[in-house]
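Student: I have a structure to read and some terms to learn. Can we take them one by one?

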Amino acid sequence: METKVFSIDGSEVRTIVLNDEVFNREVSDGSIYYAVNNELANRRVGTACTKTRAEVHYSNVKPYKQKGTGNARAGDKKSPVWVGGGTIFGPKPRDYSYTLPKKMKRLAMKSLLSLGVKEERLVVVEDFSIEGGKTRDLNQIIKNFVKDETRTILILKDDDEMMRRAAKNIPYLRVLSYNRLSAKELLYGRKLLVLEGAAKNLNDFYGDK
């Protein structure tokens with residue numbers, strides 16, 4: 001498929017051929033769901049911890065005698081039925097991360113890029129760089145494509161340190177490399193700006209091998 005390439009001032013300059021396997025395929029909702037869930041799970045810290053009755057700091061003395069009080073039998077105040085007692089089946093520190101199959105992850109990324117094209121959220125922009133890493137320079141370019149400061153994703157052809165530095169102070173902008181995409185960012189980004197070089201790299205990186 002062919003799509004337009006825009007200059008940094010927002011004007012059309014030429015067209016580029018995009019791989020149908022990457023940018024014009026049937027969208028797999030299931031793979032997107034699993035990819036986003038996987039990213040969220042991998043970000044979880046997993047430090048929540050509660051004390052069981054064996055860990056609560058209380059005396060082991062029986063609070064009152066077994067019979068004759070009219071109360072229910074009680075062995076000690078660490079019992080979960082007492083206020084301040086232990087917790088039954090409470091959370092313990094654990095690792096929530098897991099590995100998603102590579103084929104499913106690749107399918108999710110291709111589906112998200114295709115979804116961006118179908119919803120007309122994806123725009124290919126000619127390659128540019130921010131020499132001094134100035135936020136002001138990058139913000140002026142982004143505003144030619146994003147008018148109301150909606151959540152925007154900028155996909156780079158390589159790991160451009162100056163570009164990332166310039167994007168740090170733009171709250172609605174996220175910067176990704178073509179080979180390290182995020183399913184969550186691609187799904188929730190309202191505008192996907194793909195550099196021309198990144199689009200060519202995506203053609204090869206996610207195309208049929």
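Predicted model: local features only at pLDDT ≥ 70, side-chain atom pairs only at ≥ 80, totals over all residues.

Student: What makes S4 and S5 a pair of strands?

Tutor: Two strands pair if DSSP finds at least two bridges between them. S4 and S5 are joined by 5 bridges and run parallel, so by that rule they pair. Strands here are DSSP runs of E with at least two residues, helices are runs of H or I with at least four residues, and both are numbered from the N terminus.

Student: Which strands does the sheet contain, and in what order?

Tutor: The order is S2-S1-S3-S6-S4-S5, an open sheet of 6 strands with mixed pairing. S2 (12-17) and S5 each have a single partner strand and stand at the edges, so one side of each lacks a neighbour in the sheet. From one strand to the next, the twist averages 35°.

Student: How are S1 and S2 paired?

Tutor: They are antiparallel, with 5 bridges. Opposite Glu12 in S2 stands Phe6, and opposite Ile16 in S2 stands Thr3. Phe6 also has a bridge partner in S3, namely Val125. S1 and S3 run parallel and are joined by 2 bridges.

Student: Why is Ser7 called buried?

Tutor: Buried means under 20% relative accessible area, exposed over 50%, and partly exposed in between (1.4 Å probe, protein chains only). Ser7 has 7% relative accessibility, so Ser7 counts as buried. Ser7 is in the loop between S1 and S2.

Student: Which residues does Ser7 touch?

Tutor: Leaving out residues up to four places away in sequence, Ser7 touches Val13, Val125, Glu126 and Phe145. Contact means heavy atoms within 4.5 Å.

Student: How do you know that the buried residues of H4 line one face?

Tutor: In H4 (residues 135-142), Leu138, Asn139, Ile141 and Ile142 are buried. Seen down the axis of H4, these buried residues fall within an arc of 160°, so they line one face of the helix. The arc is that of the directions from the helix axis to the C-beta atoms. Their cover includes strand S4 (152-156), helix H5 (161-167), strand S5 (173-177) and strand S6 (191-195).

Student: Why are H2 and H3 called roughly perpendicular?

Tutor: The axes of H2 (residues 29-43) and H3 (residues 102-118) cross at roughly 110° and come within 8 Å. Axes are lines fitted to C-alpha atoms, for helices over the stretch in contact, and angles run from 0 to 180 degrees between N-to-C directions. Angles under 35 degrees count as roughly parallel, over 145 as roughly antiparallel, 65 to 115 as roughly perpendicular and the rest as oblique. That makes H2 roughly perpendicular to H3.

Student: Which residues make the contact?

Tutor: Among them are Ser31, Ile32 and Tyr34 of H2, and Met104, Leu107 and Ala108 of H3.

Methods. Residues numbered from 1 in each chain as written. Heavy atoms only, no water.
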